[in-house]
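This report sets out the fold, the core and the side-chain pairs of one protein model. The structure is shown first.

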Amino acid sequence: ARSALRSESSTISMAQKPIVHVADSESALASTLYDYIVARADKAVKDHGFFSIGLSGGSLLKILGSGLWKKTVDWKAWRVFFCDERYVEWDSDDSNYGAAQKPFWTRSLLIRITCTK
């Protein structure tokens, strides 16, 4: 199965077309995605001291959780947001925050900010 990774620059104008990357496998997609995110993170940290990323759930968290944490990045400069978090307990199988626990927070890569209900 072929997967597509679509990336858009934060400075893209409406007249420009997005860049589309096509991968032949999930592992190739993961590798391309890791490299893309790490390059954007490194540039953002260099330019203004932090990197922000919004994560949705499902296969994206599985792909990122399978290897992004192995990359050498300044994890303390990352700000992670969950874009479509469900209204469930954080330890629920349906929670995106919960799905990100094992690959990232249990390895103490990211600083957790606790929100109250």
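What percentage of the 117 residues of the protein count as buried? The share is 30%, where buried means under 20% relative accessible area, exposed over 50%, and partly exposed in between, with a 1.4 Å probe and protein chains only. The model is predicted, with local features requiring pLDDT of at least 70 and side-chain atom pairs counting only at pLDDT 80 or more, whereas totals for chains, interfaces and linings use all residues. Residues are numbered from 1 along each chain as its sequence is written, and side-chain values use heavy atoms, with hydrogens and water left out.

## Overall fold

The protein has 3 helices and 4 strands, and from the N terminus the elements follow the order β-β-α-β-α-β-α. These elements are DSSP runs numbered from the N terminus, helices being H or I of at least four residues and strands E of at least two. Among contacts with a separation of 6 or more, 58% join residues 24 or more positions apart; a contact means heavy atoms within 4.5 Å.

Helix α1 spans residues 26–48 and has 23 residues. From its first C-alpha to its last, α1 reaches 32 Å, close to the 33 Å expected at 1.5 Å a residue; the expected span is 1.5 Å times one less than the number of residues. Its buried residues are L29, A30, L33, Y34, I37, V38, A41 and A44. An α-helix has 3.6 residues a turn, so residues three or four places apart point the same way. Just after α1, G49 adopts a positive phi of about 85°.

The largest nonpolar core has 20 residues. Such a core is a set of buried Ala, Val, Leu, Ile, Met, Phe, Trp, Tyr and Cys residues joined through side-chain atoms within 4.5 Å. The residues with the most contacts inside this core are I37, F51, I53, L64, L68 and W78. Two or more core residues come from each of α1, β3 and α2, and α1 gives the largest share, 8 residues. In soluble globular proteins, nonpolar side chains tend to be buried together.

F51 counts as buried because its relative accessibility is 8%. Leaving aside neighbours within four places in sequence, F51 is in contact with I37, R40, A41, A44, V45, A77, W78 and R79.

## Aromatic pairs

The structure holds 2 aromatic pairs. Rings of Phe, Tyr and Trp (its six-membered ring) pair if their centres lie within 6.5 Å; planes under 30 degrees apart count as stacked, over 60 as edge-to-face and the rest as tilted.

| Pair | Centre to centre | Angle between planes | Class |
|---|---|---|---|
| F51 and W78 | 4.8 Å | 70° | edge-to-face |
| W75 and W78 | 4.6 Å | 45° | tilted |

F51, W75 and W78 form one aromatic cluster. In a further ring interaction, the charged end of R79 sits over the ring of F50, 3.6 Å from its centre; the criterion is NZ of Lys or CZ of Arg within 6 Å of the ring centre and within 35 degrees of the ring normal.

## Salt bridges

There are 2 salt bridges, each defined by a side-chain nitrogen of Lys or Arg within 4 Å of a carboxyl oxygen of Asp or Glu. K71 bridges to D35, with the closest N and O atoms 3.4 Å apart. K71 lies in the loop between α2 (59–65) and β4 and D35 in helix α1, so the pair ties together parts that are 36 residues apart in sequence. K71 is partly exposed at 31%, and D35 is partly exposed at 44% relative accessibility.

K43 forms a salt bridge with D47, with the closest N and O atoms 2.6 Å apart. These two residues of α1 are separated by about one helical turn because they are 4 residues apart. D47 counts as partly exposed at 47% relative accessibility.

## The region of D91 and Q101

Is D91 buried or exposed? With 69% relative accessibility, D91 counts as exposed. D91 lies in the loop between β4 (78–82) and α3 (96–101). Q101, by contrast, is in helix α3 and counts as buried at 17% relative accessibility. The C-alpha atoms of D91 and Q101, 10 residues apart in sequence, lie 8.9 Å apart. Q101 and G65, 36 residues apart along the chain, have their C-alpha atoms separated by 9.2 Å.
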